Amino acid sequence: MLREHVVAQELLWCRRIERIVLAGTEAGAFTCVDPWAAATRILVAIDGASAYINTSAEHRRVPTADMARTVAETELGLPPGTLALS
């Protein structure tokens with residue numbers, strides 16, 4: 001039962017990201033051929049980076065700090081640094 005609940009929650013997050021990607025694609029803000037696949041990869045990058053940040057952060061913060069942003073830029077056909085905070 002717990003597994004089913006976790007899967008349902010993960011899918012909700014993925015669908016939220018997919019809707020954002022689809023809306024941005026439809027608005028012409030970026031390009032994406034497969035919003036579901038992009039959403040899945042972006043969420044995996046966020047989850048994976050957060051797992052490393054929470055363990056031995058002092059050893060891995062620099063190499064993983066911009067990973068989710070970099071994956072999102074790649075998935076959305078954006079130039080590197082586009083989603084960086086200014």
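Author: D66 is partly exposed, with a relative accessible area of 33%; buried means under 20%, exposed over 50% and partly exposed in between, for a 1.4 Å probe and protein chains only. The model is predicted, so local features need pLDDT of at least 70 and side-chain atom pairs pLDDT 80 or more, while totals for chains, interfaces and linings use all residues. Residues are numbered from 1 along each chain as its sequence is written, and side-chain values use heavy atoms, with hydrogens and water left out.

D66 meets R69 in a salt bridge, 3.2 Å from N to O; the term requires a side-chain nitrogen of Lys or Arg within 4 Å of a carboxyl oxygen of Asp or Glu. R69 is also partly exposed, at 24% relative accessible area. Through salt bridges that share partners, D66, R69 and E73 form one network.

E73 sits in helix α4, residues 67–75; helices are DSSP runs of H or I with at least four residues, strands are E runs of at least two, and both are numbered from the N terminus. With a relative accessibility of 3%, E73 counts as buried. Beyond its neighbours within four places in sequence, E73 is in contact with L78, P79, P80, G81, T82, L83 and A84, where contact means heavy atoms within 4.5 Å.

E75 forms a salt bridge with R41, and the closest N and O atoms are 2.6 Å apart. Since E75 lies in helix α4 and R41 in helix α2 (residues 35–53), this pair ties together parts that are 34 residues apart in sequence. E75 counts as buried at 18% relative accessibility, whereas R41, at 44%, counts as partly exposed.

A further salt bridge joins E18 to R15, with the closest N and O atoms 2.8 Å apart. These two are three residues apart in helix α1, so about one helical turn separates them. An α-helix has 3.6 residues a turn, so residues three or four places apart point the same way. E18 counts as buried at 18% relative accessibility, and R15 is partly exposed at 38%. The buried residues of α1 are C14, I17, E18, V21 and G24.

By the rule given above, the count comes to four salt bridges. As for the setting, the protein chain has four helices and zero strands, and buried residues make up 26% of its 86 residues.
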